[in-house]
Amino acid sequence: MSHSPVIPFRVPGAVLCAVTGFPVSHSRSPFIHRAFAEQFGLPLQYERVEVRPGLLSSTLAELRELGCRGVNVTVPLKEEAAALATQASVAVQATGAANTLWWSADDALCADNTDGVGLVRDLTRNWGMSLNGHRLAILGAGGAAAGVIPPLFAAGVAGIVLINRSEARAEALVERFQSLGALSTLQPTGRVASPVDLIINATSAGLSGNTPTFPSTLLSPATHCYDMFYASTLTPFLAACRASAGCTELRDGMGMLVEQAAAAFTLWHGLEPATSVVLSALRAR
Ligand code: ATR
């Protein structure tokens, strides 16, 4: 049996996968992937591996040596993962970030970014939203926002307005993605003529218990409000939408987390897991 500082104990006969991040102890990915594997009777060993920024390459080499099939990547290593890949998907090329890695038969490091497809699936399949022709607002202009803009346009949204604390970052995303569809910026204290159908919080403000500033004119009581951040109670952003405009269609990012994991699971194992039962189990924890 193989031993290593990265994976101290190898389960005999199990397929090995891992999630890397810094920190990584909070990651729900082991719970989600093990639940998916159970659906198929797949013997899976899925481990958390804490990796300091800059050390992903050597950790990946060690995981590969142990026969690892797939690696998830979380904050703050997604850009590092994209840079290491020798075969990067269109989503990785568009965003410069990867959350799913694996090796081809000839040992090339392959990378995909399933965050965007995870969001779109959670919105459309789980929440029942039609995105086609709808107007959206996205709060934030970091990696999380960049990752979801291409798949949202691909799903048929009519236009996206970006609101970010530092306007220059929002302008940079417009420059990068304007060929995909109607994309514009708005200042956090600006005004819009009519409310949007869907507002998405893609800032990291929730991590520190904050809500980003945004124009209240974006909201009507019918606006769907989605927070990519998730929590065991209503997130500060969703609570603010309900308080300021009486919005009732509120959803956090736990479904996106499960859907991005399902897309990674399919890439690695060629199996499509049922997600709603795993999402319910995760929420019940
Ligand atoms: P990620 O990869 O999660 O997107 P990031 O690239 O660091 O992380 O981007 C974080 C985003 O959250 C940015 O849009 C940031 O705004 P700035 O570009 O102005 O820094 C936004 N953000 C973080 N904390 C915020 C807060 N308290 N209020 C508003 N926006 C916030």
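A polar contact here is a pair of N or O atoms within 3.5 Å; inside the protein, one atom must be able to donate a hydrogen and the other to accept it, and residues adjacent in sequence count only if both atoms are side-chain atoms. The model is predicted, so local features need pLDDT of at least 70 and side-chain atom pairs pLDDT 80 or more, while totals for chains, interfaces and linings use all residues. Residues are numbered from 1 along each chain as its sequence is written, and side-chain values use heavy atoms, with hydrogens and water left out.

Start with the ligand. It has 13 residues around it, with A141, A144, N164, R165 and S166 the closest (a residue is near if one of its heavy atoms lies within 4 Å). A polar side-chain atom of N164 sits 2.7 Å from a ligand oxygen. On its own the ligand exposes 650 Å², and the protein buries 72% of that (areas by the Shrake-Rupley method with a 1.4 Å probe).

Next come the pockets. On a 1 Å grid over the protein atoms alone, a pocket is an open set of points where a 1.4 Å probe fits, with protein on both sides within 12 Å along at least five of seven lines; lining residues have an atom within 4 Å of a point. Points are joined across faces, edges and corners, and the volume is the space filled by probe spheres set on them.

The largest pocket holds about 1,600 Å³. Of its 50 lining residues, V75, A144, T203, S204 and L207 are closest to the centre. Helix α6 (143-154) gives the largest share of the lining, four residues; helices are DSSP runs of H or I, at least four residues long, numbered from the N terminus. The lining counts 24 nonpolar, 20 polar and six charged residues, where Ala, Val, Leu, Ile, Met, Phe, Trp, Tyr, Cys and Pro are nonpolar, Asp, Glu, Lys and Arg charged, and the others, Gly among them, polar.

The second largest pocket has a volume of about 270 Å³. Its 16 lining residues include R121, R125, A262, A263 and T266, the closest to its centre. Domain 1 (15-113 + 260-284) and domain 2 (116-252) both give residues to this lining, so the pocket lies between them; the bounds come from an automatic or database domain assignment.

Note on methods:
Helix = DSSP H or I, 4+ residues; strand = E, 2+ residues; numbered from the N terminus.
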